[in-house]
Amino acid sequence: MTIERTDLPSGLAVVTEVVPGARSASFGCWVRVGGRDEPLDRAGASHFLEHLLFKGTAARTGHEISEAIESVGGEINAHTAHEHTAFYARVPAPAAAVGLDLLVDVVTSPAFDDDDVESERQVILEELHLAEDEGDDRVLSLAHEALWGDHPLGREVLGRLDTIAGMDRAAIAGFFDQHYHPANLVLVAAGAVDHAAVVAAGERFE
């Protein structure tokens, strides 16, 4: 196994682990922003962004993103935490270029279509209602509140009903512009990957 790191002039860090004989390739983009970085009136913005970035880019619709990754037998997904947001793609080795291209497109060029903002708002509001009914989720949320109090780490990563309902497209796009810049990102890859190709993809981040 060979681990390499390249720090681009933009501030983006690229880290790869080439695994000889690997039959798959995994790519990830880690963003140094999560629930703890949100002002109170933007609680849940990181998670809202996580949803929206898969709804479409300047080059692809959400359906085209899903179709492209599924057609090669891969997956693309994300998660949001208090300290970070992570996007990842996993594909069979022959489709490594497809997985990397899709991941970079999703993270660098979101469309933020007004209809998508509204549809995902309803999805997240439903998630919040469901979380209230899930015992494990509710206990974890209460534990965070008890431990951290009014600090952002004490908040539910999904946000709050009032902040999600009131967050408009401009606020979400502004949060993206503030945090999704190269110096705040790490692009990683492992498996049947080529370091030079991942670095070249990293140069698309501006």
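Trainee: Which residues does Ser46 touch, leaving out those up to four places away in sequence?
Mentor: Keep in mind as we go that this is a predicted model. Ser46 is found in helix α1, which covers residues 45-52. Leaving out residues up to four places away in sequence, Ser46 touches Val33, Gly34, Gly35, Glu38, Thr80, Thr85 and Phe175.

Trainee: Is Ser46 buried or exposed?
Mentor: Anything under 20% relative accessible area counts as buried. Ser46 has a relative accessible area of 1%, so Ser46 is buried.

Trainee: Which backbone oxygen does the side chain of Ser46 reach?
Mentor: Gly34 is one of the residues that Ser46 touches. At 3.5 Å, the side chain of Ser46 reaches the backbone oxygen of Gly34.

Trainee: Let's go to Asn184. Which backbone oxygen does its side chain reach, and at what distance?
Mentor: Asn184 lies in the loop between α7 (169-179) and β6. Asn184 touches Trp30, Val31, Arg32 and His179, not counting residues up to four places away in sequence. The backbone oxygen reached by the side chain of Asn184 is that of His179, at 3.0 Å.

Trainee: Is Asn184 buried or exposed?
Mentor: The cut-off for buried is under 20% relative accessible area. Asn184 comes out at 14%, so Asn184 is buried.

Trainee: Now the core. Which residues touch the most other members of the largest nonpolar core?
Mentor: That core has 52 residues. Its largest share, seven residues, comes from α3. The ones touching the most other members are Phe27, Phe87 and Tyr180.

Trainee: Which residues does Phe27 touch, not counting those up to four places away in sequence?
Mentor: Phe27 is among the residues touching the most other members of the core. Setting aside residues up to four places away in sequence, Phe27 touches Phe87, Tyr88, Ala89, Val91, Ala96, Gly99, Leu100, Leu103, Val188, Ala189, Val193 and Val198.

Trainee: Why do the buried residues of α8 line one face of the helix?
Mentor: In α8, which spans residues 195-202, the buried residues are His195, Val198, Val199, Ala201 and Gly202. They line one face because, seen down the axis of α8, they fall within an arc of 160 degrees.

Trainee: What covers the buried residues of α8?
Mentor: One of the buried residues in α8 is Val198, and Val198 is also touched by Phe27. What covers the buried residues of α8 includes β1 (2-7), β2 (13-18), β3 (24-31), α3 and β6 (185-191).

Trainee: On to strands! How many bridges join β3 to β5?
Mentor: β5 covers residues 85-92, and β3 and β5 run antiparallel. Within this pairing, Ser26 stands opposite Arg90. The number of bridges joining β3 to β5 is eight.

Trainee: How many residues lie between β4 and β5 in their hairpin?
Mentor: β4 covers residues 75-80 and pairs with β5 in the antiparallel sense over six bridges. Glu75 stands opposite Arg90 in β5. The residues between β4 and β5 in the hairpin number four.

Trainee: How far apart are the closest N and O atoms in the salt bridge of Arg90 with Glu75?
Mentor: Here's some background: side chains of opposite charge can pair when their charged atoms come close. Arg90 is partly exposed at 42% relative accessible area, and Glu75 counts as partly exposed at 34%. In their salt bridge, the closest N and O atoms are 2.8 Å apart.

Trainee: Which residues join Arg204 and Asp101 in one network of salt bridges?
Mentor: Arg204 forms a salt bridge with Asp101, with the closest N and O atoms 2.9 Å apart. Arg204 lies in the segment after α8 and Asp101 in helix α3, so the pair ties together parts that are 103 residues apart in sequence. Through salt bridges that share partners, Arg204 and Asp101 are joined into one network with Arg60 and Asp105.

Trainee: One last thing: what is phi of Phe112 near?
Mentor: Phe112 is found in the loop between α3 (96-108) and α4 (114-133). With 9% relative accessibility, Phe112 counts as buried. Its phi has a positive value in a residue other than glycine, near 55 degrees.

Key
Residues are numbered from 1 along each chain as its sequence is written. This is a predicted model: local features need pLDDT of at least 70, side-chain atom pairs count only at pLDDT 80 or more; totals for chains, interfaces and linings use all residues. Side-chain values use heavy atoms; hydrogens and water are left out. Helices (H or I, at least four residues) and strands (E, at least two) are DSSP runs, numbered from the N terminus. Buried means under 20% relative accessible area, exposed over 50%, partly exposed in between (1.4 Å probe, protein chains only). A nonpolar core is a set of buried Ala, Val, Leu, Ile, Met, Phe, Trp, Tyr and Cys residues joined through side-chain atoms within 4.5 Å. Contact means heavy atoms within 4.5 Å. A polar contact is a pair of N or O atoms within 3.5 Å; within protein, one must be able to donate a hydrogen and the other to accept it, and residues adjacent in sequence count only if both atoms are side-chain atoms. The arc is that of the directions from the helix axis to the C-beta atoms. Two strands pair if DSSP finds at least two bridges between them. A salt bridge is a side-chain nitrogen of Lys or Arg within 4 Å of a carboxyl oxygen of Asp or Glu.
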